[in-house]
Structure formats: C-alpha cells, structure tokens
Amino acid sequence: MERNGSYSVRSGYHWLHNTECRRRNPRPSSSMAIDPRLWKQIWKADVPPKIRNFLWRALRNCLATSANLHKKKIARTPMCPLCNDHPKTTEHILLLCPWVEPVWFGCSLNLRINRQAVTSFGQWLGNVIENGRTPQERSRCLTVIAYFCWQIWKDRCKAVLEHISPSPARTTHAAAIAINEFLGSLDHGRHQTEHPTLSNDNQHHLWNPPASPFVKVNVDASWNPNSKRVGIGILIRNTHGDFIKGSSIPSVANSAIEAEAQACLEGCKLAAEMGYRQVTFESDCKEIISPLKGPLSNGRWEIYPILSIVRDVLNCFQTYVWTWIPRTANQAADHLAMLATSRMSPEVWVNRPPSSLMHILNKDGLPCPPRSA
Ligand SMILES: [Zn+2]
C-alpha cells in the first residue's frame, strides 16, 4: 500500500510475493490442475532463472493482479487499470488485455489469442506448447512465450505506474532482442559443453544461426600495416544457416580498428540494401562492439566518424543486435576478408558461396548451400 492509500503494482507485487507465494497455494487461479508435464518443461526451459520464476508465479496465480489484490483488500477495484474493462486476472494481463493482442501476433510464433478458448493461463500455455511440435520446437516455443510474458508484465507495470499507454511494438521488439541475445549466449555455451576437452578455450566457440525472424550478418576485416590495404568480408545467413549473400570488399585504412569499423559499415549497408528489418550483427572485434552497443563515445576517436554513419544506417532496421563472437565463430567472414585482400574490386556472391568457403560453412554446421542448380 502506498502512502496515499492507493495500491501500486510494485508494492502489491512485493506484498504478494512475500506472503501469498510462500504459502504455496496448491491450486492455480482457475482451479484447473496444471499438467505435470508442463511443470517439468518449465523447470528445464531455456530461460534465465528470473523468467522461470516469473512463469511459475503466473501459473500459480501469484502475480499481483488487481483481482488478487482486491481479494486481499489492497486494490479498490478488480478491474484492469489499462482497459478499465475486464477483471485484471493473470489471463487478462498476459493474454486478454487488448494491447497484448498485437504483441502475441508480432512474436515469432505469430500467435492469435482465441479469447473464447482461454480458460486459464496454464491451459493456454500447455496447448500452445504441445501443439504437434518436436521436443526441440517445444523448448524453443516455451522460451519465446516465457520471454514475451515477462516483457508484457514488465511493460504493463511500467504503463500502470507511469500512467502511460503501453506500446505493443516496443514490447515485441524488446522481447525479440532479449530472446535473440539469450539464445545466442546459450548456443555458444552449449557448444562449449559439448566439447568438454575444449571447454576452457574460447577459441572453440562455433557459429550459430540466428533465431527467427532475424538474419545474421557476420563482418570481419583484415589489415596490412605496411600497405594499409584492407580486406572486408561480409556474410548474410538466415535462421536455417543458409548462405544468402556474401561480399569481399577491398579498401584502405590507417589502423586495424578503422578497418573493422569499415567492415561494420559495409555489413550494415548490405543488410539495408537487402531490405532486412530484423538483423543480428556479429563481429569478433570487442573494441567495435562496445561503442555500437552503448554510447559511441565508448569507442576510439578515430572510428567515431565511421560509427556515426553506421548508426545512421542502423535506423532503417526495425530491430538489430550487435554481438561479439570469438574469431573461430567468425571464420567465414574472415575468409571473405582474406579473399578481398587479393582483389582490386569488390565481389559479391548470391545464394552460392565461393567454393573455397564451403568447408568453413560446413564446419559451421550448416546445410550446404542450395543443392539444385
Ligand atoms: Zn485490460
């Protein structure tokens, strides 16, 4: 309870978290038993602990909903403060409040919420996950849903506390970025444990395809300090790991870092020309990733002008993520950069990579590029 006597989601949340959840109420919200298989899946879900916990609370009806707070005499009304309409239950907050409809449709699973069919959050979650998918797809599906629920809850709390309208587009983007970053780190970690003898060695990280709906752009540069010549390598691959486009671009630069910055710029330009809207960029140069992820002033002064142009080009993407990867996960782009050093003019490959790149693409664990033609 706030000083003025009204409730806030935050105070209500803490109150409920500290009391209601600890009591371990054995019955979920709509008195519908939750399939034990669903609990199992949630415990092994590929999500960070805080999100698993959140999902657990939602299924246990331990979220600080108005209806719950009203029952505990904290909230004055059980109605939803955002739509002023339906009682604010877990189902309403995460699935039925009108603003979340476009959020769910915008997620990579393109979910349409059938209002009439939703009886409880647990039942809905179980149905979506079970719906004729392989175990691997079920796990990916659960990760996506968990992140979206978490983001919806966070953005909803913010909207209620700050008396502003929630933005479905912002919520969708924030969740998509978080998922992509999390799965990226998870995949690298996994490959590490799959090769226990190499597990302490960062050099053995592998490349991984992006999560849908992203494409992945790998960029790299090689620089010759004597001739100042630069080779830039760019590679675009999709969520199946298919080679879409690659390019080798010769250039000149005064330093290795300037060459890397040029590679980032060329990668952005290529993805923008192709009309992609959701892009993950990977570089093995930490000094470039840091200013691109944060303020440009994090970077060295001599690359500031190039990175400002990168920032301008990035504006044409709906969602983008910059990720640092070890050199071994960036070998394909590295190879195209090497090819560029022996050329006088840029070269572009569409759908079919140069044959010298094939063994690296195969090593990245990819299907070979189009077998037909
Ligand atoms: Zn509502």
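1. In this predicted model, Arg 156 is buried and yet has no salt bridge. The nearest side chain of opposite charge belongs to Asp 155, which lies 11 Å away, whereas a salt bridge would require the nitrogen and the carboxyl oxygen to be within 4 Å.

2. Where does Arg 156 sit, and what surrounds it? Arg 156 is part of helix H8, which covers residues 135-162. With its neighbours within four places in sequence left aside, Arg 156 is in contact with Cys 80, Pro 81, Leu 82, Lys 88, Ile 93, Cys 97 and Trp 99.

3. On the cysteines, the structure holds zero disulfides. Cys 264 is in no disulfide, because the nearest cysteine sulfur, that of Cys 268, is 6.9 Å away, while the pair would have to be within 2.5 Å to count.

4. Is Cys 264 buried or exposed? Cys 264 is buried, its relative accessible area being 0%, whereas Cys 83, at 23% relative accessibility, counts as partly exposed.

5. As to confidence, the protein averages a pLDDT of 80, and 79% of the residues score at least 70. Over residues 191-204 the pLDDT falls below 50, although this stretch has eleven contacts in the model beyond near neighbours in sequence. The pLDDT is also below 50 over residues 367-373, a stretch for which the model likewise shows eleven contacts beyond near neighbours in sequence.

Definitions and conventions: Residues are numbered from 1 along each chain as its sequence is written. Side-chain values use heavy atoms; hydrogens and water are left out. pLDDT is the predictor's confidence in each residue, from 0 to 100. Contact means heavy atoms within 4.5 Å. Buried means under 20% relative accessible area, exposed over 50%, partly exposed in between (1.4 Å probe, protein chains only). Helices (H or I, at least four residues) and strands (E, at least two) are DSSP runs, numbered from the N terminus. Lys and Arg count as positive and Asp and Glu as negative; His and the chain ends are not counted.
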